[in-house]
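Reader: I am new to reading protein models, and I would like to go through the spaces and helix contacts of this one step by step. Could we begin with the words we need?

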Amino acid sequence: MDWARLRAETPGIGRVLHFNHAGGSLPPQPVLDAVLAHLQREAVSGPIEAGLAAAPALEAARAEAAALIGAAPAEVAFTGSATQGWGLAFAGLPLSADDRILVGRQEWGGNLTTMQRAVARTGAVIEVIPCDEAGRVSSEALAAMIDDRVKLVSLTWIGANGGLINPAVAIGRVARAAGVPFFLDASQAIGQIPIDVAALGCDVLIAPGRKHLRGPRGTGLLYVRHGFLDRLDPPYHDARTAGWTPDGPQLQDSALRFEAGDFPMALRLGLGAAIRYARSIGIDAIRSRLDTLAQGLRARLSAIPDVTVHDLGVERAALVSFAVAGIEPAELRRRLAAQGINIAVNGVAYTPLDMTARGLGEICRAAVSYLHTDEELDRLAEAVAAARTAIG
C-alpha cells in the first residue's frame, strides 16, 4: 500500500500530529469532497431535490456498509452516532422485573447509563461478567451465568480506555447457543479490525463513522440481524420507519424501521465515501499496519522513566493508554497540544466498570492511525519524555 499517497490525501497531515483517532480521525479528501459537493447541490437545487438525486448514492453507501461487516443491506440502518443506534435497539428490547442483563467490564459508559435507567424503571438487574487473567471478558464465566432470566448479553469489543480486544466471537458463541440476544459495540473496532457479523453471532452491532473509518462526525451505523428484527419494538417512528396504510402504520421489514427520514444527507454521503476508502485499502492491511505502529508506540512509551502503559489483554488494538508520574493527564494533553500534538484523556465516565475495578481515575490515550510514521511515534515519545523531565 502506498501509505505516502494516503498521507498526501489527508489535508490535516503536516498541520497537526494527531493521536486521537479513537476519538475522531482526520478525514481524507474524498470524504470532504463528498460532503461539500452535496452541500453545494443543496444550495443550488434545494435540499429535497438534491436528496432525491442522491438516493442511489445513499443506497450504494448502505451496500458498502453491509459489505464491510458481512451483512445484507437490509440489515443496516444509518444513525447519527453509535450511541444513538445502541439506544434505539436497546429501547426496543422488552424488559421486566428480575430480568438479567449481562455486561462486559469494558462496557461504554453511555450504554451503561441507558441500561441503568431501564433497570430503574423495570426492576431488571445488571450483572458484570468476570474477566480472565489477561483482563478480557471471560466466555467461560459467561456460560456459567446463563439461565432463563438472562435477556441480554452486551459487550464492548474494544474499550475506550485501552487496547484490549475482547473475545467477541467466543462471547457470541455462548450467547447464540443459549438463544440470548447479543449486542456488540464495535465503536473502536470498525475500520481497524475485520468484522463479520455471522462469525460474531451478534444480533445487534453499532459503530460510529468518525473514528478509524475516518468519516464525518455525526454519523453511525446500526446492524440488526434480520431474524431478530421483529423482537425489537422501536421507541418512535416517522413516515419512513412505518409507512401509513389503510390498515394502519406498517413497520419497515428491514433495519430501516430504525432510520429516521430526516437526516444530514451530506454527512451520510461522506460516511459512504469513508467506507469505500477503507475498503479500497483493505481492512486486513490496515489492521496489520496499526498493530505494528501501536506495538512500536507502546515500546517507546514503556522505555521512558516514570511512564506506565496501562493496556491489558493478549491481542491489542491501536489505542495506547498510559500515565506519566507527576503530571495529570489533562495537563499533559495541554502541554502536547501547545506543540501541535493531539492526544485524549479518558475518565471514569467512559468505562466506569473497568476503571473502577482497576483503581484508575484518568489516563492519557494515544490512538495511532495507519497514516503515522516511525518518526511521528518518536516525536510523541520525545514530547512525553520532555514533559516528564520538565517537572523534575
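Author: On a 1 Å grid over the protein atoms alone, a pocket is an open set of points with protein on both sides within 12 Å along at least five of seven lines, a cavity is a set of points where a 1.4 Å probe fits but cannot get out, and lining residues have an atom within 4 Å of a point. The model is predicted, so local features need pLDDT of at least 70 and side-chain atom pairs count only at pLDDT 80 or more, whereas totals for chains, interfaces and linings use all residues. Residues are numbered from 1 along each chain as its sequence is written, and side-chain values use heavy atoms, with hydrogens and water left out.

Reader: Which residues lie nearest the centre of the largest pocket?

Author: The largest pocket has a volume of about 470 Å³, where a volume is the space filled by probe spheres set on the grid points, which are joined across faces, edges and corners. Its lining is made up of 26 residues. Those nearest the centre of the largest pocket are Ala-22, Trp-108, Arg-210, Lys-211 and Tyr-350.

Reader: Which element gives the largest share of the lining of the largest pocket?

Author: Helices (H or I, at least four residues) and strands (E, at least two) are DSSP runs, numbered from the N terminus. Both α4 (82-91) and β14 (344-346) supply at least two residues of this lining. The largest share, three residues, comes from β14.

Reader: How many residues in the lining of the second largest pocket come from α3?

Author: The second largest pocket has a volume of about 350 Å³. Among the 18 residues that line the second largest pocket, Gly-51, Leu-58, Gly-261, Phe-263 and Met-265 are the closest to its centre. While α2 (29-45), α3 and α9 each supply at least two lining residues, the largest share comes from α3, with eight residues.

Reader: Why are α3 and α9 called oblique to each other?

Author: Axes are lines fitted to C-alpha atoms, for helices over the stretch in contact, and angles run from 0 to 180 degrees between N-to-C directions. The axes of α3 (residues 47-69) and α9 (residues 265-281) come within 9 Å and cross at roughly 40 degrees. Angles under 35 degrees count as roughly parallel, over 145 as roughly antiparallel, 65 to 115 as roughly perpendicular and the rest as oblique. The two helices, α3 and α9, are therefore oblique.

Reader: Is the crossing of α2 and α3 left-handed or right-handed?

Author: The axes of α2 and α3 come within 7 Å and cross at roughly 130 degrees. A crossing is left-handed if the near helix is turned anticlockwise from the far one by less than a right angle, and right-handed if clockwise. For α2 and α3, the crossing is right-handed.

Reader: Which residues of α3 meet α2?

Author: Contact means heavy atoms within 4.5 Å. On the side of α2, the residues are His-38, Arg-41, Glu-42 and Ser-45. Their partners in α3 are Pro-47, Glu-49, Ala-50, Gly-51 and Ala-54.

Reader: What is the volume of the largest cavity?

Author: A search of the whole structure finds four cavities of 30 Å³ or more. The lining of the largest cavity includes Gln-106, His-310 and Arg-358. The volume of the largest cavity is about 80 Å³.
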